[in-house]
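Visitor: I'm new to reading protein models. Could you walk me through this one, feature by feature?

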Amino acid sequence: MAMSRWIVDAPQRLDFDRVTELHVHLAAGTVAVLASDDAPSVVITELAGRPLQVTMDMQEHVLTIGYESLTWGGLLGLVRPRREQAAVTVTVPAECRSQVGVLSASAVLTGLRAGAGVRSMSGDITLDGVTGDVDAETLSGEIAARDIDGAVRFKSMSGGLTLAGGLLSSLAANTMSGQVTGDVALGDSGSVHVSTMSGEVTLRLPAASDARVHLQSTSGAVRTEFDSLRAVKAPASHTVSGNVGAGTGHVSVTTMSGAVTLLRRAPVGMESKTR
Amino acid sequence: MTPVFRHGRLRLYLLRLLDEEPRHGYEVIRLLRDRFMGVYAPSPGTIYPRLARLEEEGLVTHDEENGRKVYRITEAGREELRSRGAELDELEAELSASVSDIVREVREDVRDTVRSLREELTRAAREMRGNEREQGRQTRDTAREAAEAAREQARQAKESAWAQARQAREQAKQARDEALSRARRIREEATQMRDEARDHAAAGWGNWSDWSRWGEWSGHSGRPGRNGWPGEHDVAALRDFERLARDFVTDLRSVAWDSGSIFGTEVVPTLRDILADTMERIRTEVFEPRRDEPAAGSRPGDPAGPPAGAEPPAAPPPPAPPAAPGTAAVAEPGPADTVEPQEPAEPAEPQEPAEPQEHQESEPPHPAG
């Protein structure tokens, strides 16, 4: 297996012919993954602490950037503060599969069309115009996404998820105290499953959505702007359910103490998507 | 877009691109765009004049390939690049920084979008809550008004019930007074009649056969008290008394149901008061007073006799079921004691003019008894 390895201890730029899969693991600093038609490249502009390790699997075209001990699997196990800091900008083809893991570093991913996987301890993650399956996991980091087109899976302790615009084939969000906020459209038979302990859930769907809806909070308020949904009398919980449109999709929100609000985006009110 | 290239830097960068290999003008533009993630896309109107000027300065030259110009760097151009090597490194750094700027811009832009979305949705949710609160308040207001109206109605109903009850009590009192006076009169008449009868009897048993018709009572007329006389007479009296009590209950019930409207508010307490009064009166005036009253002492039959007179008053008090009690009361005891009963019955009528029928019905007992 042909493997190239670079130990980077100073700002540096590396260019590659082809990358089909990218893994980035950083502690502190920033990481940006940008889709580009240009040749793949890694630009490291700031570096402190241990040197970064860049490896390239020439056969599988897998590019890996990180520290020797900091891998995807063990990322969340490294809780102690680390001195390593780096600013890394990676340009890859849009079709490259990308995984980014950070401790406290902030990450930006734009224009990827093969989805993305992101993990974070406390770092904030920004996704812009990512198409495909997005898998996001964080302890306390915030995840902000604009115009995602695909399936989103989100899991967090206290970190929140915000989806500004986008067409979702599915959203599965599970958080303890993170807020889940979304202004999205549902694809055909799209499904939204959000469950939180105390996190507030606010979703806005187009007025013309098609979904079977079930919103439930044990002690929080449940509200909706969709007239076709009805409050259900149930013991020890606030529940709103019913169908919106033909009810082909599915929207289910369950929280313990969080408030649930399902808003309705008027057909002409698309201004919120673009800004 | 802030200018990516400071003065003279774009010229230097063009030389650098052509130093790598000869390129079409279009290719140069594409490379520049890619270098900036598509954010900076210089127009042909910017690039071609620059290339033309570089050519004028002798730093680049061009060949025609398939009708398109292919630019290549000249030795003078390479010399220029070499002489400005430091500047070129700086430019590379700046361009990287530009990419960082782009990344930063993307991040800021998305965060702004997200922030404004959150604010917007929060506002929308709050407005919805506000509307709900408003609706809730309106609902509550309506409910409160309804409740107040209901309370007002209830109060009015209570007042009218009180008024009715008061009126009923007054009527009852009036009736009672009337009955009392009648009873007194009856008693007096009865006494008078008894005296007359005694006189008659003493005179030669005049009407005695009439008396005997009511039973053995006449035979024992001289005997004191009825304790020792569990005879037919007492049984009849007991039966009549039972019927009286039963009829009273029945009539009371029917009157209450017929008047139905105020049933349930003040009726029961009022009735209880009236009945308590009545019971007290019955006890004191019917069953106990006979020993005290002079009339009672005159004969053994008196014990029953006085009641006959007294009972009518007792019955009338309950204003609701006036007829039944009055009539019955008058009827029963009367016959048992004396012949007069019929008379007492009449006095009862005036008390409850409303129900003469019942009175008549109750009369038969007398003869029967």
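Guide: In chain A, 50% of the 275 residues count as buried. For chain B, buried residues make up 33% of the 369 residues. Keep in mind that this is a predicted model, where local features need pLDDT of at least 70, side-chain atom pairs count only at pLDDT 80 or more, and totals for chains, interfaces and linings use all residues. Residues are numbered from 1 along each chain as its sequence is written, while chains are lettered from A and ligands numbered from 1 in the order in which they are written.

Visitor: How many helices and strands are there in chain B?

Guide: Helices (H or I, at least four residues) and strands (E, at least two) are DSSP runs, numbered from the N terminus. Chain B has 16 helices and 3 strands, and chain A has 0 helices and 23 strands.

Visitor: How do I read strand pairing, and in which sense do S3(A) and S9(A) pair?

Guide: Strands of a sheet pair through backbone hydrogen bonds, either parallel or antiparallel. Here two strands pair if DSSP finds at least two bridges between them. S3(A), residues 21–26, pairs with S9(A), residues 97–102, in the parallel sense over 6 bridges. Look for His23(A) opposite Gln99(A). S3(A) also pairs in parallel with S7(A), residues 62–66, over 4 bridges, and there Glu21(A) has Val62(A) as its bridge partner.

Visitor: Which residues are on the covered face of S22(A)?

Guide: In S22(A), residues 249–255, the covered face holds Gly249(A), Val251(A), Val253(A) and Thr255(A), while His250(A), Ser252(A) and Thr254(A) are on the uncovered one. The strands involved are S16(A), residues 180–196, which runs parallel to S22(A) over 6 bridges, and S18(A), residues 211–217, parallel to S22(A) over 7 bridges.

Visitor: In what order do the strands of the chain B sheet come?

Guide: The order is S1-S3-S2, an open sheet with antiparallel pairing. S1(B) (23–24) and S2(B) (60–65) are the edge strands, each pairing on one side only. Between S2(B) and S3(B), residues 68–73, there are 6 bridges, and Glu65(B) sits opposite Arg68(B).

Visitor: At what angle do the axes of H1(B) and H3(B) cross?

Guide: Axes are lines fitted to C-alpha atoms, for helices over the stretch in contact, and angles run from 0 to 180 degrees between N-to-C directions. The axes of H1(B), residues 9–20, and H3(B) come within 11 Å and cross at roughly 75°. That makes the two helices roughly perpendicular, a label for angles of 65 to 115 degrees. H3(B), residues 44–56, also lies across S2(B) and S3(B), at about 115° to S2(B).

Visitor: What about contacts: how many residues of chain A are in contact with chain B?

Guide: Two residues are in contact if their C-beta atoms, placed from the backbone, lie within 7 Å. By that rule, 26 residues of chain A are in contact with 23 residues of chain B. Inside chain B, Leu10(B), Arg11(B) and Leu14(B) of H1(B) meet Arg50(B), Leu51(B) and Leu54(B) of H3(B).

Technical notes. A residue is buried if 20 or more other C-beta atoms lie within 10 Å of its own, exposed if 12 or fewer, and partly exposed in between; C-beta atoms are placed from the backbone. Angles under 35 degrees count as roughly parallel, over 145 as roughly antiparallel, 65 to 115 as roughly perpendicular and the rest as oblique.
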